[in-house]
Amino acid sequence: SQAHFEEDSQKQPAVGHWKTLMPSKGSKEEPETGCQDAGGVDETQSTEQLNVSRLRSSSVEIREKGSEFLKEELHKAQKELKLKDKECERLSKVREQLEQELEELTASLFEEAHKMVREANTKQAASEKQLREARGKIDMLQAEVTALKTLVITSTPSSPNRELHPQLQSPSKAVFRKGHGRNKSTSSAMVSASQNVTPEPVSHECKEVDSILFAEFQAWKESPTLDKSCSFLDRIYREDVGPCLDFTKQELSELVRVAVEQNTLTIEPVASQTLSVVKVSEEECGGPKKCALSGLPRICKHRIMLGDSGNYYYISPSCRARITAVCNFFTYVRYIQQGLVRQDVELMYWEVMRLRREMSLAKLGFYPSEM
């Protein structure tokens with residue numbers, strides 16, 4: 001193949017020399033060729049111009065369409081921008097409103113907190129004042145309890161202290177004040193005949209404990225109560241209290257018994273001066289010369305009031321002795337219930353028996369002349 005290539009290269013003419021391919025017979029063929037060349041050039045130029053015009057028209061259309069598209073996009077963007085502005089404005093107003101509400105809420109919370117602090121300080125001051133008052137009352141009550149214990153130790157129904165109980169003195173020695181002094185069964189024992197009579201020495205008496213009565217008292221002492229359903233008080237009600245408070249005027253007798261049980265009976269001496277007007281008739285309440293309980297004509301040196309009714313009933317010395325004997329018994333029983341009596345069980349039992357004896361004597365009509 002290399003040999004053929006060399007031969008061909010030797011046969012070809014040298015570069016730059018014209019080689020006549022065909023003899024020219026005339027000059028007519030040359031112009032034809034030139035015309036043909038000129039026509040081809042015109043067609044090419046017209047085609048190019050057409051193509052250019054087409055390109056220009058298409059570019060114009062593209063520009064117009066692009067400008068329309070851009071205008072539409074710009075219009076959309078402006079609308080969206082306006083919406084965003086409105087949304088930003090709305091959110092700004094919401095934020096301002098929230099900030100204002102937050103400030104108002106913070107101010108109200110601070111005001112409420114200050115108000116609560118003031119109220120707490122006021123309540124604390126009031127509580128401290130109440131605490132100081134309560135402590136003062138406690139100290140006063142403790143002093144009263146101490147005095148009451150001293151009173152119980154130094155004065156019992158069996159051996160009363162007349163200096164601590166002015167009501168035990170005789171009427172001739174008692175000083176009558178304006179409005180008359182009162183002896184309430186709530187503060188001390190009532191005056192009884194036995195308290196003004198010198199009892200016989202204990203060593204001169206022969207005593208023997210009744211096993212049944214002592215067993216009932218011991219059972220009651222384990223859990224002292226004023227409920228008369230227990231066997232100890234039930235017996236005393238049947239044998240002593242009931243008969244001792246059984247007077248001729250049954251209705252008034254029942255009221256007296258209830259007042260003694262509720263510790264609301266008041267006995268006071270009658271002054272020699274004119275008596276105040278009472279709410280009930282003289283026939284019902286008796287008078288200085290008529291006993292309201294027995295209905296008999298007797299000189300009445302004392303009168304009673306039941307509770308806070310304001311009605312006074314005049315009683316004879318015998319009726320007074322019976323009422324005071326029952327009151328002395330209930331007073332001593334209340335002392336035991338409240339834990340104020342610090343004695344041996346047997347000693348308390350004999351004191352109860354002595355009070356029962358006084359009720360029996362008063363029922364039989366025995367009472368001291370001072371009554």
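Author: Let's start with Lys207, whose charged end sits over the ring of Trp350, 4.6 Å from the ring's centre. Keep in mind that this is a predicted model. Trp350 belongs to one aromatic cluster, together with Phe214, Phe217, Trp220, Phe232 and Tyr349.

Now pick out two members of that cluster, Phe217 and Phe232. Across the whole structure, a search finds 8 aromatic pairs. In the pair of Phe217 and Phe232, the ring centres are 5.5 Å apart and the planes stand at 65°, so this pair is edge-to-face. Phe217 is in helix H4 and Phe232 in helix H5, 15 residues apart, and the pair links distant parts of the chain. Both of these residues, Phe217 and Phe232, are buried.

Next, look at the two helices themselves. H4 covers residues 211-222 and H5 covers residues 231-244; their axes come within 8 Å and cross at roughly 125°. On the H4 side, Ile212, Leu213, Glu216, Phe217 and Trp220 meet Ser231, Phe232, Leu233 and Arg235 of H5. By type, the residues of this contact are 6 nonpolar, 1 polar and 2 charged.

Finally, follow H5 to Tyr237, which lies in that helix, while Phe330 lies in helix H8 (residues 317-337), so their pair ties together parts 93 residues apart in sequence. Tyr237 and Phe330 are edge-to-face, at 6.0 Å centre to centre with 65° between the planes. Tyr237 and Phe330 are both buried. Tyr237 also has a lysine over its face: Lys228, at 5.3 Å from the ring centre.

Definitions and conventions. Residues numbered from 1 in each chain as written. Predicted model: local features only at pLDDT ≥ 70, side-chain atom pairs only at ≥ 80, totals over all residues. Heavy atoms only, no water. Axes fitted to C-alpha atoms, helices over the stretch in contact; angles between N-to-C directions. Helix = DSSP H or I, 4+ residues; strand = E, 2+ residues; numbered from the N terminus. Contact = heavy atoms within 4.5 Å. Nonpolar A, V, L, I, M, F, W, Y, C, P; charged D, E, K, R; others polar. Phe/Tyr/Trp six-rings, centres within 6.5 Å; stacked < 30°, edge-to-face > 60°. Buried < 20%, exposed > 50% of the residue type's maximum accessible area, 1.4 Å probe, protein only. Lys NZ or Arg CZ within 6 Å of the ring centre and 35° of its normal.
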